[in-house]
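Q: I would like a close look at one part of this protein, and then at how that part sits in the rest. Please keep the account plain.

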Amino acid sequence: MARETAAERPVADAMVTCPKTHGPRSGLEKIRAFFEDDHVHVALVVAADGRLVTTIERSDLAAAISSSAPVAKLGTLIGRTAGPADPLGAVTATLLREGRRRLAVVDGSGRLLGLLCLKRDGTGYCSDEGIRGRAQRTTQPRDQHSHAAPAGHPEQLAAHRQQPSSGDHPPPRTAPEIRREVMAIAVT
């Protein structure tokens, strides 16, 4: 059997399966507060039956004329969703071309299955484990966080010491640099 390339892998292989969601009756102020975290790029509004109602990006908040506007009427699904079987390489190329980093993953009936999250540096995708780890680090008291080391093998500990602290970010990279790396992933 031939090995599947990254370009042929389905979106489902790279999606986060535990994205934060909001109900259709969520208030606008709750959505605005959600976007105060710079890791947040999209708010997913989901009906009680699990169907994705809309996706809201920061730019959509400007369209909210009053705080009483229903959040279910903001945003759109057009261009902001992918199917779980869609080819990851093609979807990633679309994200890069459009300057986006998030796409909701829905099944044929519109039910939310997950969220495809391209990492800030373009080297891969966010994972459920990574999101849980970041959430744990942000809830720890500052002094505990700065001295905590991950459990694991000595090689993992050495790698952890070489990583920038959670407050440091790698230097920004240009879109062509990110595209070259993603395309290299897609053809391997």
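Which backbone oxygen lies 3.0 Å from a polar atom of the side chain of Arg102?

A: The backbone oxygen of Leu118 is the one at that distance from the side chain of Arg102. The model is a predicted one, and the distances below are computed from it.

Arg102 belongs to strand S5, which covers residues 102–106. Arg102 is buried but forms no salt bridge. Asp37 is the nearest side chain of opposite charge, and it is 8.5 Å away. A salt bridge needs a side-chain nitrogen of Lys or Arg within 4 Å of a carboxyl oxygen of Asp or Glu.

Neighbours within four places in sequence are set aside in the contact list of Arg102. That list holds His39, His41, Val42, Leu95, Leu115, Leu116, Cys117, Leu118 and Cys126.

Leu116 itself, leaving out residues up to four places away in sequence, touches Val11, Ala14, Met15, Leu88, Val91, Leu95, Arg101, Arg102, Leu103, Val105 and Tyr125.

Other charged side chains do form salt bridges. In general, side chains of opposite charge can pair when their charged atoms come close. The whole structure has 8 salt bridges. In one of them, the side chains of Asp60 and Arg80 meet at 2.6 Å, N to O. This pair links distant parts of the chain, with Asp60 in helix H2 (residues 58–61) and Arg80 in the loop between H2 and strand S4 (81–82), 20 residues apart. Asp60 counts as buried because its relative accessibility is 13%, and Arg80 counts as buried at 7%.

Another salt bridge joins Arg32 and Glu29, at 3.7 Å from N to O. These two residues are 3 apart in helix H1 (residues 28–34), so about one helical turn separates them. Arg32 is partly exposed, with a relative accessible area of 31%.

Arg111 and Asp107 also meet in a salt bridge, at 3.2 Å, N to O. Arg111 is partly exposed at 39% relative accessible area, and Asp107 is partly exposed at 21%. Salt bridges that share partners also join Glu57, Asp60, Arg80, Glu98 and Arg100 into one network.

Three strands make an open sheet in the order S1-S2-S3, with mixed pairing. Its edge strands are S1 (21–22) and S3 (52–56), each of which pairs on one side only. S1 and S2 (residues 43–46) run parallel and are joined by 2 bridges. His22 has Val45 in S2 as its bridge partner. In a regular strand the side chains alternate between the two faces of the sheet. In S2, Ala43 and Val45 point one way and Leu44 and Val46 the other, and all are buried.

How values were computed: Residues are numbered from 1 along each chain as its sequence is written. This is a predicted model: local features need pLDDT of at least 70, side-chain atom pairs count only at pLDDT 80 or more; totals for chains, interfaces and linings use all residues. Side-chain values use heavy atoms; hydrogens and water are left out. Helices (H or I, at least four residues) and strands (E, at least two) are DSSP runs, numbered from the N terminus. Buried means under 20% relative accessible area, exposed over 50%, partly exposed in between (1.4 Å probe, protein chains only). Lys and Arg count as positive and Asp and Glu as negative; His and the chain ends are not counted. A polar contact is a pair of N or O atoms within 3.5 Å; within protein, one must be able to donate a hydrogen and the other to accept it, and residues adjacent in sequence count only if both atoms are side-chain atoms. Contact means heavy atoms within 4.5 Å. Two strands pair if DSSP finds at least two bridges between them.
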